[in-house]
Amino acid sequence: MQASFYTPLFFVLFAILCAFLIVRKITNNFGGFVAALLIAVNPMYLSRSLGSDTDVYTVFFPLVILLFFIEAFEEESKKRQIIYSCCAAVFTYFFATFWEGWWYFLDLIIVTLIGYGIYILVRGYYHHKRMGSIFHLPVFRRTWVILVSYLVVSSVLITVFLSWGAFMSVVSPL
């Protein structure tokens with residue numbers, strides 16, 4: 001009985017830490033503190049997190065996945081980019097095991113990365129006036145390496161450990 005009380009509490013603490021790390025990376029320590037404070041004292045989140053409800057997981061897992069994606073995009077080494085995107089894929093699998101609506105966030109990630117890749121293509125074409133040189137830009141390669149490694153690992157994990165139908169729920173709403 002106590003585990004159903006303490007388990008969400010640990011997820012709340014880690015969600016607060018993830019929010020701090022994400023916003024600190026984008027802004028500074030004060031911004032990270034404010035983000036962590038907003039999650040820590042949010043009455044809707046706190047009231048639904050103590051006990052056995054899944055709202056804790058719908059905040060924690062997207063924050064962890066986002067943190068790994070930010071790390072992957074800031075990394076220069078292709079090997080570490082793949083490692084971080086694979087870590088995001090592993091947490092996507094965990095997210096799929098905890099909540100049935102996990103595919104909303106996966107769809108958001110896919111659409112965002114494809115949209116960012118198209119933005120890079122358009123911006124690169126505007127600056128270089130040739131499509132061939134755009135594909136050699138580090139930011140273009142980084143985006144597609146992260147997207148492909150994330151999709152491959154998450155699809156394999158979800159298909160093998162859950163089911164093919166679980167992974168196909170990603171494209172069924174589209």
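1. Surface patches here gather residues with over 30% relative accessible area and no salt bridge, joining like charges within 9 Å and nonpolar side chains (Val, Leu, Ile, Met, Phe, Trp, Tyr) within 5 Å. Areas follow the Shrake-Rupley method with a 1.4 Å probe, and for residues only the protein chains shown count as cover. A salt bridge is a side-chain nitrogen of Lys or Arg within 4 Å of a carboxyl oxygen of Asp or Glu.

2. This is a predicted model, where local features need pLDDT of at least 70 and side-chain atom pairs pLDDT 80 or more, while totals for chains, interfaces and linings use all residues. Numbering runs from 1 along each chain as its sequence is written, and side-chain values use heavy atoms, leaving out hydrogens and water.

3. Phe5, Tyr6, Phe10, Leu13, Phe14 and Leu17 make a nonpolar surface patch of about 600 Å². Leu13 sits in helix H1, residues 3-26. Helices (H or I, at least four residues) are DSSP runs, numbered from the N terminus. The relative accessibility of Leu13 is 48%, so this residue counts as partly exposed. The cut-offs are under 20% for buried and over 50% for exposed, with partly exposed in between (1.4 Å probe, protein chains only).

4. How many salt bridges does the rule give? The count is 3. One joins the side chains of Glu71 and Lys25, at 3.1 Å from N to O. Glu71 belongs to helix H4 (residues 55-74) and Lys25 to helix H1, so this pair ties together parts 46 residues apart in sequence. Lys25 is partly exposed, because its relative accessibility is 33%.

5. Lys25 also meets Glu74 in a salt bridge, at 3.4 Å from N to O. Here too distant parts of the chain are linked: Lys25 is in helix H1 and Glu74 in helix H4, 49 residues apart. Glu74 has 45% relative accessibility and therefore counts as partly exposed.

6. Glu76 and Arg142 form a salt bridge through their side chains, at 3.6 Å from N to O. Glu76 lies in the loop between H4 and helix H5 (78-98), and Arg142 in helix H8 (residues 138-161), so the contact ties parts 66 residues apart in sequence. Arg142 is buried, with a relative accessible area of 14%.

7. Shared partners matter for the bookkeeping.

Terms used: Helices (H or I, at least four residues) and strands (E, at least two) are DSSP runs, numbered from the N terminus.
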